[in-house]
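Good morning, and thank you for coming. I would ask you to look at the model on the screen while I go through a few of its features.

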Amino acid sequence: MPTSTEQTPEAVDGRSVSFYPNCDVSVWLRSCENEVPEPIEGILTGNLPVWLRGCLLRNGPGSFKAGGDERFKHLFDSSALIHRFCIDSGRVTYQRRLLRTKAFQRNHAAQRIVVTEFGTKAAPDPCQSIFQTVAAIFQPGESLSDNAMISIYPFGDEYYAFTESPIVHRINPCTLETKERINVSDFVSIVNHTSHPLVMQDQTVYNIGLRVTASGPRYQVVQFNPTDKKGVGKMFEEASYVGSVAARWGLNPSYMHTFGITENYFVIIEQPLTISVPAMIKNTILGEPMMANMRWYPNEQTFFYLVSRRTGQLKHTFASKAFFYLHTINTFEENGTCVVDICCYQDPAMIDCMYVDSMMGAQTNPDYAALFRGKPMRFKLPLDSVNKSERMNINPELLSNFGCETPRVHLERYLGKSYRYFYAISADVDLDNPGTIIKVDIESRESKTWCEDLVYPSEPIFVPAPDPQSEDDGVIVSAIVWGGQGRENQAALLVLDAKTMKEVARCTFQTEGPVPKCLHGWFAKDVV
């Protein structure tokens with residue numbers, strides 16, 4: 001994978017010049033030194049909507065410290081930290097707790113890094129034989145780190161922290177205690193899954209996992225149905241396969257972080273960033289991190305597979321020039337096309353940009369902004385076309401000039417359906433204010449924004465008003481932190497009017513110790 005090249009900026013009067021003076025990447029590099037297990041109250045300004053009630057659960061990097069003097073090397077290695085902002089009767093409280101994964105517990109017991117992470121190599125375990133190491137290759141659920149620091153999703157009335165290994169952790173949404181550890185591969189034969197399952201209106205959940213079969217790897221669609229059966233994890237126990245498609249390359253299946261759904265199709269996007277199976281076998285034995293297994297093929301195309309929701313079979317295949325992506329925005333069918341909206345990058349160099357050394361050197365790297373800038377693009381896949389050249393050369397259109405990441409839509413009504421608005425945070429580190437929340441109107445191609453100096457919002461989540469009268473009738477909730485000096489220990493819940501993108505309320509909390517910026521989360525309306 002390409003790595004950004006650091007250059008020394010010009011100096012003025014002997015002082016270094018920062019290429020991005022308004023961007024403080026240190027908000028990502030903080031480590032939680034003090035948990036907040038009991039709810040604390042903050043200072044509320046503005047007026048919360050009287051109908052707004054529920055719990056904003058957040059997940060993300062929590063600590064780069066492994067218990068001793070060793071530090072993790074990549075953002076995706078930082079131990080998971082769960083945040084909770086609870087809104088009830090006009091009162092807001094805050095909590096945070098580190099997720100007690102097996103990796104976390106082992107590292108802290110040893111006071112060093114003993115579990116290899118996405119970008120950090122662990123010290124060899126002298127107690128593990130070569131045969132145990134080789135056997136671990138065939139137990140990815142147990143051999144991969146279970147550091148579930150990416151997202152949180154509901155399965156029925158249970159809430160789970162996710163990463164891309166098939167291990168999920170149930171959390172108590174009120175106390176943030178880590179509860180059961182569930183290996184999804186115990187119930188369906190997958191070796192990994194995406195960090196972003198899709199939760200439908202009827203509470204059915206879908207996800208994509210990689211399944212190894214006799215004929216080669218397949219991208220497997222897994223369905224988790226709501227159940228009335230009592231007991232933890234019942235939705236996982238009753239999981240079923242509802243569709244699949246073969247990987248293009250048998251020894252190089254694609255890295256997949258999200259996928260899409262429409263009325264009739266599961267939308268699987270196979271980018272030419274792959275996980276090399278031969279490299280994974282070699283590197284598991286050598287104890288090398290997951291990043292060492294990734295291969296980027298810039299001269300190959302990105303494929304779009306449409307798998308029928310009715311039959312589970314591949315129905316359509318399309319292709320475009322190579323691009324890298326983490327997050328889909330939305331997918332839907334309209335006027336004989338399948339529309340796929342994605343935050344796209346030219347290549348996966350932005351993953352390299354999230355190494356700690358790269359982030360600490362961002363101010364001296366003139367290419368950092370370009371490498372990190374993901375653009376929202378629309379791909380229109382002609383369902384009725386019989387022209388192979390047309391189907392295999394899809395050209396996208398730009399939805400906004402802003403760089404956008406962690407996009408969200410009005411999920412309750414518009415997931416998998418034609419929609420008009422999405423909300424995102426800025427992926428432009430060279431903006432006057434990199435901490436910008438963006439609302440994109442896809443019909444007009446116009447944008448509205450919210451920003452404040454030195455404030456860094458997280459993924460903006462749309463919460464609809466009761467009986468919403470329009471797609472954007474509701475509020476945006478976002479967890480925010482501050483950059484610069486003096487406010488590292490503060491966190492806040494920000495509430496915006498989704499129509500106007502004007503601030504209507506915020507509640508600011510003073511905590512003991514730094515507050516790291518988070519990644520993804522869920523607004524739980526049934527939890528207070």
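Leu176 is placed in the loop between strand 10 (167-171) and strand 11 (178-183). Strands here are DSSP runs of E of at least two residues, and helices are runs of H or I of at least four, both numbered from the N terminus. This is a predicted model, in which local features need pLDDT of at least 70, side-chain atom pairs count only at pLDDT 80 or more, and totals for chains, interfaces and linings use all residues. Residues are numbered from 1 along each chain as its sequence is written, and side-chain values use heavy atoms, with hydrogens and water left out.

Leu176 has a phi near 65 degrees, a positive value in a residue other than glycine. Is Leu176 buried or exposed? Leu176 is buried, with a relative accessible area of 1%; buried means under 20%, exposed over 50%, and partly exposed in between, with a 1.4 Å probe and protein chains only. Asn335, in the loop between strand 23 and strand 24 (337-345), also is not a glycine and has a positive phi of about 50 degrees. Asn335 is exposed, at 76% relative accessible area.

Four strands form an open sheet in the order 27-28-29-30, with antiparallel pairing; two strands pair if DSSP finds at least two bridges between them. Strand 27 (404-408) and strand 30 (446-451) are at the edges with a single partner strand each, so one side of each has no neighbour in the sheet. Strand 27 pairs with strand 28 (residues 421-426) over three bridges, and Arg408 stands opposite Tyr423 in strand 28.

Now the cavities. How many cavities of 30 Å³ or more does the structure hold? There are four. A cavity is a set of points on a 1 Å grid over the protein atoms alone where a 1.4 Å probe fits but cannot get out, and lining residues have an atom within 4 Å of a point. Volume is the space filled by probe spheres set on the points, which are joined across faces, edges and corners.

The largest cavity holds about 500 Å³. Its lining has 33 residues, with Trp28, Phe372, Ile425, Ser426 and Lys517 nearest the centre. Strand 27 and strand 28 are among the elements giving two or more residues to that lining.

The second largest cavity has a volume of about 330 Å³. Of its 24 lining residues, those nearest its centre include Pro407 and Leu411. Strand 23 gives the largest share of this lining, five residues.

Terms used
1 Å grid on protein atoms, 1.4 Å probe; cavity = no way out; pocket = protein on both sides within 12 Å on 5 of 7 lines; lining within 4 Å.
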